[in-house]
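Please look over the structure shown below before reading on. The paragraphs that follow lead through its elements, its contacts and its surface.

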Amino acid sequence: MYAAAQVKPKSFEAEHLGPAPISGPHLVATYKAGREIYAQGDLSDKCYQVSTGAVRVYRLLSDGRRQVVSFHLPGEMFGFEAGPNHSFFAEAITATTLAVFGRRHMQERSRELLALALTGMARAQQHLLVIGRQCAVERIAAFLVDLSERQGGGRQLRLPMSRQDIADYLGLTIETVSRVVTKLKERSVIVLRDARTIDIVRMDALRLLCN
C-alpha cells in the first residue's frame, strides 16, 4: 500500500503541471478511482500532495446531499485542517498517486507547506465568492477559467471530475451544469471534444462571463 519513495517532477501528468513536489523523504500511496483517502473524524496527522490523478474533498450534509468543497490536481496539497480530526472526506476521483507527509516532515518543511496551504486557502475563499454571488453561467465560467489556470493556462481542459462532481462543487444540479455547458457550446465559447475534454475557443468571452 505504501512504499518509501520520492516523487519526481517527471511523474506529474504533463497536462496538469502544478507546484513542484515537496522535497525530502516521504511515503507514496496509490488509490484506485473512488477509493477513500480519509474520512470525517479521522486523525488529521498527515498532509498530501497529488502526484498523478485528482482528488475531491467533500462533506455529507444532514439531508444526505454531498457538498464538494475542493478538487486537487497534480502538484497541489490537501489535508490541512485546524483541529486534530478531519471535518471532511477525501476520495480519489481517478487512479491517483499521492506523496504523504507526516508531522515531522511537515515541521521540517513548514515554509514550503505554508505557501501551498495559503494558495489553497485563497482558492477556497474565491470559491465561496463564486457560489455565493454568481449565477449558474458565471459559476461554471469561473470554474473553467480556474481549471485552465491550474492546468498551466492552456485552452484544452481535461476534466477528471464528473458533471455531478462539478454540480456538487458549484451548488447546482447536474441538469443545470449540462444546460450551461450546452449554452457555452452554442455561443462558440467552448468546444466539447468528449465528455471529459473541453477546448476553450474564446477565453476573453469566458472571463467576461465570470463577472
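A residue is called buried when its relative accessible area is under 20%, exposed when that area is over 50%, and partly exposed in between, with a 1.4 Å probe and protein chains only as cover. The model is predicted, so local features need a pLDDT of at least 70 and side-chain atom pairs count only at pLDDT 80 or more, while totals for chains, interfaces and linings use all residues. Residues are numbered from 1 along each chain as its sequence is written, and side-chain values use heavy atoms, with hydrogens and water left out. Helices (H or I, at least four residues) and strands (E, at least two) are DSSP runs, numbered from the N terminus.

Because 6 of its 8 residues are buried, H4 is largely enclosed by the rest of the structure. The buried residues of H4 are Asp165, Ile166, Ala167, Asp168, Tyr169 and Leu170. Just after the helix, Gly171 takes a positive phi of about 70°.

A salt bridge is a side-chain nitrogen of Lys or Arg within 4 Å of a carboxyl oxygen of Asp or Glu. The structure holds 11 of these contacts. In one of them, Asp165 is joined to Arg56, and the closest N and O atoms are 2.9 Å apart.

With a relative accessible area of 14%, Asp168 is buried, whereas Arg66, at 21%, is partly exposed. Through shared partners, salt bridges join Arg56, Arg66, Glu91, Asp165 and Asp168 into one network.

Another salt bridge is formed by Asp45 and Lys46, where the closest N and O atoms are 3.4 Å apart. Asp45 counts as partly exposed at 26% relative accessibility, and Lys46 is partly exposed at 31%.

Rings of Phe, Tyr and Trp (its six-membered ring) pair if their centres lie within 6.5 Å; planes under 30 degrees apart count as stacked, over 60 as edge-to-face and the rest as tilted. A search of the whole structure finds 7 such pairs. Among them is the stacked pair of Tyr58 and Phe89, at 5.3 Å centre to centre and with 15° between the planes. Tyr58 lies in strand E5 and Phe89 in strand E8 (residues 89-92), so the pair ties together parts that are 31 residues apart in sequence. Both Tyr58 and Phe89 are buried. Elsewhere, Tyr38, Tyr48 and Phe78 form one aromatic cluster.

The surface may be considered next. Patches are made of residues with over 30% relative accessible area and no salt bridge, like charges being joined within 9 Å and nonpolar side chains (Val, Leu, Ile, Met, Phe, Trp, Tyr) within 5 Å. Arg179, Lys183, Arg187 and Arg202 form a positive patch. Lys183 lies in helix H5 (residues 174-186) and counts as partly exposed because its relative accessibility is 35%. A nonpolar patch consists of Leu114, Leu118 and Met121, which together have about 290 Å² of accessible area. Leu114 is found in helix H2 (residues 110-133).

Two further residues complete the tour. Ser188, in the loop between H5 and strand E11 (190-194), has a positive phi of about 60° although it is not a glycine. Ser188 is partly exposed, with a relative accessible area of 43%. Leu208 is part of helix H6 (residues 203-209) and counts as exposed because its relative accessibility is 63%. The C-alpha atoms of Leu208 and Ala142 are separated by 9.4 Å, the two residues being 66 residues apart along the chain.

Conventions. Accessible areas come from the Shrake-Rupley method with a 1.4 Å probe; for residues, only the protein chains shown count as cover. Lys and Arg count as positive and Asp and Glu as negative; His and the chain ends are not counted. The place of a charge is taken as NZ of Lys, CZ of Arg, CG of Asp or CD of Glu.
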